[in-house]
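Please open the model in your viewer and keep the sequence panel at hand.

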2 protein chains.
Amino acid sequence: MLKHDNKVLSIFALGGVGEIGKNMYVVQYDNEILVIDAGLKFPDAGMLGIDLVIPDISYLMEHKEKVKGVLITHGHEDHIGGLSYFLKNINVPVYASKLTVGLIKGKLREAGILRNTTLHVVDSHSKVSFQYLKASFFRTTHSIPDSLGVCIDTPEGKVVYTGDFKFDQTPVDRNSSDFAAMSRLGDEGVLALLSDSTNADKPGFTGSEWEVGQAIGRVFSHATGRIIFATFASNIHRIQQVFDAAARFGRKVAIVGKSMKNVTKIAHELGYLQFENDILLEPEEIQRLPVDQIVILATGSQGEPMSALNRMARSAHRKADVMPGDTVVIASTPIPGNERHVGRVIDQLFRIGADVIYGPDIHVSGHGSQEELKLMLNLMKPKYFIPVHGEFRMMRAHARIAEQVGVLPGNIFLLNNGDTVEIVDQDARQGGAVHAGQVLIDGLGVGDVGNIVLRDRKLLSEDGILVIVVTLCRRTGKILSGPNIISRGFVYVRESEELLDEANQLVSQTLAQCHADQVKEWSSLKSNVRDALSRFLYDQTRRRPMILPIIMEA
Amino acid sequence: MLKHDNKVLSIFALGGVGEIGKNMYVVQYDNEILVIDAGLKFPDAGMLGIDLVIPDISYLMEHKEKVKGVLITHGHEDHIGGLSYFLKNINVPVYASKLTVGLIKGKLREAGILRNTTLHVVDSHSKVSFQYLKASFFRTTHSIPDSLGVCIDTPEGKVVYTGDFKFDQTPVDRNSSDFAAMSRLGDEGVLALLSDSTNADKPGFTGSEWEVGQAIGRVFSHATGRIIFATFASNIHRIQQVFDAAARFGRKVAIVGKSMKNVTKIAHELGYLQFENDILLEPEEIQRLPVDQIVILATGSQGEPMSALNRMARSAHRKADVMPGDTVVIASTPIPGNERHVGRVIDQLFRIGADVIYGPDIHVSGHGSQEELKLMLNLMKPKYFIPVHGEFRMMRAHARIAEQVGVLPGNIFLLNNGDTVEIVDQDARQGGAVHAGQVLIDGLGVGDVGNIVLRDRKLLSEDGILVIVVTLCRRTGKILSGPNIISRGFVYVRESEELLDEANQLVSQTLAQCHADQVKEWSSLKSNVRDALSRFLYDQTRRRPMILPIIMEA
């Protein structure tokens, strides 16, 4: 490719560095931008009431005409969950593998933008060319089939993003990592590598999905009652192994949970999940078969309160519940923050009398550990290295690994979202930062909840609210009615009558004092009431409820 | 001992079964009650704004005159944190080991009840006799020194509670588990054993604290800058090993964090922590020494927002902060629910440029794993077995272990708090349940926050609150002023003016309709406004803020 003078290659993340989730990486050369992945993230514990978090794409919206396409590496929510929002604002073609396109279609249909979107199916042989940039793909192994890594050829050299990967040497679908393609890229010369840091602080190799298959076989050979198997709906390989075991042991498979039904249907139609149609059992029919001929495939391996497994455990599912003698398999590791939810579901299942199998025996991660990250680095032999897809400590651990295999410490960039790496004449340095941030989604609202609203929710969640209503005489300034105190989330009203009576008197006194002092501005009246009451309540209870004085005139 | 006719031995928990925390076990024979441990628990994620949770002791308060004493096994908060509250209501003598008494004293002093409490120091040779019951103690190893198991001799036989334990074969203070005493109890015959289930789902043996000492030695030999060491303040053995390493490597020790100062002071005074006084460094003096001569011992290994380590990481500590080149050791495992907090602190420390050492290399649990639990069962050879101190799944795993070593399945009791095991003529069966529950502490309030308040806090935390104020004419029923809408924690007011304007109009229309329909009762007016607004807002935003209509007359 020709080198164009005064043009800069820049690489940055709008999501996915310093965090797990909302992956979005950007490669820009001059006036041409390619975006890789458009994910969502689940809210932190502090983001009260928030449903989802997506990247702030205002930089891309300001440079809309430069954006030529979105490349998607695989079908997990942290890589596709923000795509509808992105396309509503920036309508460009999407490039993804067959299964990934299948999963994306459902989302775009729900958002009402499927017909307006151009979707291109790509595979490891595809090449997509733009003015300066040229994208190609290579097969990786991960916990969802049809995962790809991306190579973007630029006038400066190759920029490679691994996507999420591990090196599963015995993958269920026999489509192993494309070592040849990766080492070819390495031989041709990789300018910059962006690689998955999720397990960079885990030594050794991540286990193969095949090992989970072995464990599934043991479960099936021991279970005498029904088997209820909960895992991520997108883990098609694992679900394939459940279907295979069911066929082998003469059990029928009932599928419960919206996303499990949806994903298995798409994967089956597209040929990624293979089973004879007569192995399926409608959930309504579960009662009609002997217990040792049933498998129930369910969502809920993260203890989600509304998931199929949780509702079954609470006997709140219409079609299925858990019975004594069932064997329940929870084939996942709790995502940090979900440990207590998962623990509670397991406890509940044991209480019902089910046997529960959980933990590392029946789950492997989809992300490579340290030895696999080294292998990727040795295959790619990049000049520059940018660890991505991880909290800062994971990216830092990944940077150390890169140093160990010989990347120069000065050639490793630990970025924040928005930080750019600028490359001119194959020489990289950290450039300025573009605007990056997070957009909170709460119900239908996109971005209408921000720090002030969250701060109020936090205050309200800790100590509740007191509303004080009082009507003053327009003429004399004296109290005509009230003060009335309404409290929510503060104390039991019945058990705290005395406290609220005293608070009431205090408000009257404060207003009388204001009247005597000729304080008449409402803002002063309100702040006097708020301060006096706040002090009193903190003294009495060591709590700081939100206080909302409402002063009316009549 | 003589057998007394028609008398029943009953054993139950008021806290500690089906949960981790607020341990309180009760042994009652006829009119005599002994209580073992009085702990607290940290609130679940759903208990918004709650500081602490303690056992509901109303059963004991109803039978106050029968309660003869409280035996405390060791000085951890989940065993002593509810003691002040207990003693304020039931003032009986307390029996505990020397260090445990030292730690209890501080709590009772703070609660203003130290002078009114009788504290007895006991050790593994003590025997305490009541009318029917006789208590003795045996030494165990755990993550705090001076931990005891308890044997209560009853006319029916021996009831043994292990307390928290592991079998550390190389304990730091050389006071190993008292195998002789335990096997003697087993030989004399144990009627019922209550044993710690915390690690019942962990195979093998728990590592020795000695291994952590080895890891501490490696940290000290590699570190070239300051060492900041964060662990639980009560882990005196680990702290001893830090002091020992400091002495060996010529470093001074500065102690920061209230509980770290407090506990090390008590432990040093009582001889459980040994160091030369001149090894101590005042935090103010840290700046004056070369970096390679400093160790800072700090609280905050759980990522607690206000702890010393967290404040140091945010440069919000008055006397110390973290600098590039520091080695920070986080010597603990996150308690479920704290993973994200701990992760955030580690990230922050790495960003500052510190090296951070965390994870299983530098921490071992204080609780025995499966092989240790089997050993305890084989030493004690109990007729009846009650797994305690654990979530249900851990107790269930412990029950299986007991079956494996030969306890009859019918002789194992999986209890809920309050469930009694009644024993007559050495024959045990599950009896009725006594009242048990939890008391929530919020600020100074003990039990004044209950389900309604928590439900309101949850609603408020998710979608905030809307207060609608409107004044109606007393005579005509028409709107005199308002409606005014005040929103907190719902939406950004500035960006949602249109929505709030429409809501305003809707309230006016609803009230006009009520007026036309001759609806005059305030409760109906309010519920009409609430319903109409709730529907409208859910339609527009998919959120359900709390709606508080305030209707005034003038």
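The stops that follow begin with a whole chain and end with single residues.

**Before starting**

This is a predicted model, in which local features need pLDDT of at least 70 and side-chain atom pairs count only at pLDDT 80 or more, while totals for chains, interfaces and linings use all residues. Residues are numbered from 1 along each chain as its sequence is written, chains are lettered from A and ligands numbered from 1 in the order in which they are written, and side-chain values use heavy atoms, with hydrogens and water left out.

**Stop 1: chain A as a whole**

Select chain A and display its C-alpha trace, which spans about 90 × 75 × 45 Å along its principal axes. The chain contains 15 helices and 26 strands; helices (H or I, at least four residues) and strands (E, at least two) are DSSP runs, numbered from the N terminus. Of its 554 residues, 57% count as buried, where buried means under 20% relative accessible area, exposed over 50% and partly exposed in between (1.4 Å probe, protein chains only). Among the contacts in chain A with a separation of 6 or more, 71% come from residues 24 or more positions apart; a contact means heavy atoms within 4.5 Å.

Next, colour chain A by domain: domain 1 is 9-204 + 365-444, domain 2 is 209-358 and domain 3 is 452-553. These bounds come from an automatic or database domain assignment. The centres of domain 2 of chain A and domain 3 of chain A, taken over C-alpha atoms, are separated by 53 Å.

**Stop 2: a parallel sheet in chain A**

Select the six strands of chain A that form an open sheet in the order β15-β14-β16-β13-β17-β18, with parallel pairing. In chain A, β15 (280-281) and β18 (355-358) stand at the edges with a single partner strand each, so one side of each is left without a neighbour in the sheet. Two strands pair if DSSP finds at least two bridges between them.

Within this sheet, highlight β13 (residues 227-230) of chain A, which pairs with β17 (residues 327-330) of chain A in the parallel sense over four bridges. A:I227 stands opposite A:T327 in β17(A). β13(A) also pairs with β16(A), in the parallel sense and over four bridges; here the bridge partner of A:I228 is A:I296. A:K252 stands opposite A:I294 in β16(A).

Which residues cover the two faces of β16(A)? A:I294, A:I296 and A:A298 lie on one side and A:V295 and A:L297 on the other, all of them buried. Because five of the five residues of β16(A) are buried, this strand is largely enclosed by the rest of the structure.

Now show helix α6 (residues 209-222) of chain A, which lies across β13, β16 (294-298), β17 and β18 of chain A and runs at about 155° to β13(A). Axes are lines fitted to C-alpha atoms, for helices over the stretch in contact, and angles run from 0 to 180 degrees between N-to-C directions.

**Stop 3: helix α6 in chain B**

Move to chain B and select helix α6 (residues 209-222), whose buried residues are B:E209, B:V212, B:G213, B:A215, B:I216, B:G217, B:V219 and B:F220. They pack against β13 (227-230), α7 (236-249), β16 (294-298), β17 (327-330) and β18 (355-358) of chain B. At the start of α6(B), a side-chain oxygen of B:S208 reaches to within 3.0 Å of the backbone nitrogen of B:W210.

**Stop 4: two residues of chain B**

Select B:L297, which lies in strand β16 of chain B. B:L297 counts as buried, at 0% relative accessibility. Its C-alpha atom and that of B:I228, 69 residues apart along the chain, are separated by 6.0 Å. Residues that B:L297 touches include B:F229, B:I239, B:V242 and B:M260.

Finally, select B:S97, found in the loop between β6 (94-96) and α4 (98-111) of chain B. Is B:S97 buried or exposed? At 1% relative accessibility, B:S97 counts as buried. Its side chain joins that of B:T100 in a polar contact of 2.8 Å; a polar contact is a pair of N or O atoms within 3.5 Å, and within protein one must be able to donate a hydrogen and the other to accept it, with residues adjacent in sequence counting only if both atoms are side-chain atoms. Not counting residues up to four places away in sequence, B:S97 touches B:V121, B:V122, B:D146 and B:L148.
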